[in-house]
Structure formats: C-alpha cells, structure tokens
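This report covers side-chain contacts between charged groups and between aromatic rings.

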Amino acid sequence: MITALYGGLLGLLHFIIALETIKARKSNLVSIGTGEKGEIAKLVSAHNNFASYTPHFLILLYLCEISKIYPTWMVHGLGVVFIIGRGLHFKAFKGKMNFPQRRLGMHCTLWPLLILSILASVSFFL
C-alpha cells in the first residue's frame, strides 16, 4: 500500500520536527506560544505548517491510490516530491531563514496537493 509508506515516512519526519520544536522550547524556556520576542516562531510555524498540509495530502494520495486509475509511479512520484518539499521547508526554518529553500519546499508541497486534488476529482467521473 503506497499511502502507508508515505504516511510512515511523513510520520517520522513529523516526529523529527516535533523534537526540534520541543528542543527549542526547552532551550528558550517557552512552554506555550512562541516566546515574548518570538524566539521560536519559525520552528512553531514550520511545525504547524507540516501538521496542516500532511493529513490532506495523505487523504488525497490514498484516494488516488485506491482508484487504481493512475499509474503507481505517478502516485509514488507525488509522494516523493511532497516529502522532499516538507523536508526542505522545515530545513529552511532552522537557523537563518533560507527563502529560496523555503520557496522550493512550498512548491514541492503545493504542486502535489494541486495535482492530487485534480486527479481525485477526475477519478469520480471515470
């Protein structure tokens, strides 16, 4: 099952992002929010961003997978691009903001979501 693979890999990435956020909270003594001066705002934003996009992606990936209309390589390709996108996006937020990496990460996140949305909608009619 293709979605299980990408769900598992994204779960591991989410775990890493969560650990980094927890580590930043501990070192900056911030238990709620982003700190008085926004010390951990970037990491909290990246964590929230990951948690917002990933479930919708996995649902769409699963719907396209079970439709059996689209080739396996296409479903895998969209999964790989999305994982790369989420990893790049998070990495861009660590340390000094890397805007080109962030932009590429968002492209690698949003394009698979758009493509899967279209494919899932089209599969209804096929």
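## Salt bridges

In this predicted model, E20 and K23 form a salt bridge through their side chains, with an N to O distance of 3.6 Å. Both residues belong to helix α1, which spans residues 2-28. They are 3 residues apart, about one turn of the helix.

E20 also forms a salt bridge with K94, at 3.4 Å from N to O. This pair connects distant parts of the chain: E20 sits in helix α1, while K94 lies in the loop between α3 (72-93) and α4 (99-125), 74 residues away. The count of salt bridges comes to 2, and E20, K23 and K94 are linked in a network of such contacts.

## Accessibility of the charged residues

E20 has a relative accessibility of 18% and therefore counts as buried, the cut-off being under 20%. K94, at 37%, counts as partly exposed.

## Aromatic pairs

The structure contains 2 aromatic pairs. The ring centres of F57 and F82 are 3.8 Å apart and their planes meet at 5°, so this pair is stacked; the stacked class requires planes under 30 degrees apart. F57 is in helix α2 (residues 41-67) and F82 in helix α3, so the pair links distant parts of the chain, 25 residues apart. F57 is buried, with a relative accessible area of 0%, and F82 is buried with a value of 0%.

F124 and F125 form an edge-to-face pair, with 5.0 Å from centre to centre and 85° between the planes. Both F124 and F125 are exposed.

Conventions:
Residues numbered from 1 in each chain as written. Predicted model: local features only at pLDDT ≥ 70, side-chain atom pairs only at ≥ 80, totals over all residues. Heavy atoms only, no water. Salt bridge = Lys/Arg side-chain N within 4 Å of Asp/Glu carboxyl O. Helix = DSSP H or I, 4+ residues; strand = E, 2+ residues; numbered from the N terminus. Buried < 20%, exposed > 50% of the residue type's maximum accessible area, 1.4 Å probe, protein only. Phe/Tyr/Trp six-rings, centres within 6.5 Å; stacked < 30°, edge-to-face > 60°.
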